[in-house]
Amino acid sequence: MTTVRVLSIETSCDETSAAVVERTGDTFALRSLVILSQDVHRIFGGVVPEIASRQHLTALPPVVREALRDASCDVQDCDAIAVTHAPGLVGALLVGVHFAKALGLARSVPVVPVHHLEGHLFATALEHPLATPPFTALLVSGGHTLLLDVEDWGVYRLLGQTRDDAAGEAFDKVAKLLGLPYPGGRPLELLAREGDPSRHVFSRPMLRRNQQPEDADYFDLSFSGLKTAVMLAVRAAEAAGTIDAERAHIARGFQDAVVDTLVAKTARAARLFNRDRVVLGGGVACNVALQHAMQRALRSPGQVVYAPSPRLATDNAAMIAAAGAFRFSAGEIGDPAFSAHASMVIPGMLQPSR
Ligand code: KG4
Ligand code: ZN
């Protein structure tokens, strides 16, 4: 079996990352991974696109150099350079795309454009050799919330997605309401551990009783109504002067509602497609309450829930290398004119058939 070695670059949002990964069949070996998180955005309480682009510009060359040094190889020793070209902040993506193209041209190494979300689907396979298709996938990040059936690498069926905020975005906004720092997912999870689950029971979004697979909202998600309910609870506690005592309880109520909904919809998808593997991805997949609830709900004999470690769940270049190695092995090389796109459907995605 031949081994493909890929150097990869990820600059779609606020992480400047590079990695070297080798793929042999369905086995991946992580040779190096460097992730530089742009902390500057914390000051603004969200990612500022223009600042993100500029920071990628200065950080990318040393990040790539370090990834190559850690893997003890040079660009010429790689079979391909994989780069995220969509979706994301277009200015940020452009930095990675042009850097990869220039490097590829200078060193005669082919460049493979990779879809960021396909990268998230590959992340878990870097650590768990059995997290391979077919599986049900839940991608929950700051920018995306997707429920997919993955029949094979490159064959994806979109089952549901958020109709408004992404799951991570909802965590970040609710965290802000509760006075927590950005990004708020992790601090909110820690606060929720001290909360009483019976104090604020918010209704579970898009989770009606007796829903059927043919219903338009059977797999879809929505978090804006829940966010408003939380805001009203915060305002009421502020007016009553009890907000300090209520914060943890509200955080717990919010997290329980999100987790219940995500778990119920994922379990429906696994059941409908008869999948015994469930793969989580994206920053929200770091949430331990979500991981545990998913494992509790999906424990028929043979069923396994795979979640990547936090380093591979959040944005990183290793997952881009893994997806790039798959695309390169399938004979895909970027057209010299390929560019960055703010939004794009995952290649190989079948739209809902409902
Ligand atoms: O995948 P990611 O690094 O970036 C995007 O592609 O968006 O995800 C970042 C998101 C943020 O919204 C962050 O608050 C959330 O993931 N997050 C969490 C946790 N850790 C990170 N949300 C809930 N619980 C966590 N433990
Ligand atoms: Zn991401």
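## Two domains

The C-alpha centres of domain 1 and domain 2 lie 28 Å apart. This is a predicted model, so welcome to a tour of what was computed from it. According to the domain assignment, domain 1 has two pieces, 3–122 and 313–348, while domain 2 runs over 133–307. Where the two touch, domain 1 brings 20 residues to the contact and domain 2 brings 16 residues.

## Where the domains meet

A handy way to look at such a meeting place is by area: the size of an interface is often given as the accessible area lost when the parts come together. Here, domain 1 and domain 2 bury about 1,600 Å² between them, and carbon and sulfur atoms account for 71% of that area.

What about links between the two sides?

On the side of domain 1 that touches domain 2, helix 3 (116–123) and helix 10 (317–329) each supply at least two residues. Helix 3 gives the most, with five residues. By type, the residues of this side of domain 1 are nine nonpolar, six polar and five charged.

## Around ligand 1

Now let us turn to the ligand. Ligand 1 is surrounded by 20 residues, and the closest are Gly142, Asp172, Gly185, Glu189 and Asn287.

Several glycines place polar backbone atoms by oxygen atoms of ligand 1. For Gly142, a backbone N or O atom lies 2.7 Å from a ligand oxygen. For Gly185, the distance from a backbone N or O atom to an oxygen atom of ligand 1 is 3.0 Å. Gly143 has a polar backbone atom 3.3 Å from an oxygen atom of ligand 1.

## Backbone details to look for

Most residues other than glycine have a negative phi, and most peptide bonds are trans.

The peptide bond from Ala86 to Pro87 is cis, with omega near -20°. Pro87 sits in the loop between strand 4 (80–86) and helix 2 (90–107). Another cis peptide bond runs from Pro133 to Pro134, with omega near 0°. You can find Pro134 in the loop between helix 3 and strand 6 (135–140).

Ser72 belongs to the loop between helix 1 (49–70) and strand 4.

Conventions. Residues are numbered from 1 along each chain as its sequence is written. Chains are lettered from A and ligands numbered from 1 in the order in which they are written. This is a predicted model: local features need pLDDT of at least 70, side-chain atom pairs count only at pLDDT 80 or more; totals for chains, interfaces and linings use all residues. Side-chain values use heavy atoms; hydrogens and water are left out. Domain bounds come from an automatic or database domain assignment. Contact means heavy atoms within 4.5 Å. Buried area is the accessible area (1.4 Å probe) that two parts lose on being put together, summed over both. Helices (H or I, at least four residues) and strands (E, at least two) are DSSP runs, numbered from the N terminus. Ala, Val, Leu, Ile, Met, Phe, Trp, Tyr, Cys and Pro count as nonpolar, Asp, Glu, Lys and Arg as charged, and the others, Gly among them, as polar. A residue is near a molecule or strand if one of its heavy atoms lies within 4 Å of it. A polar contact is a pair of N or O atoms within 3.5 Å; within protein, one must be able to donate a hydrogen and the other to accept it, and residues adjacent in sequence count only if both atoms are side-chain atoms.
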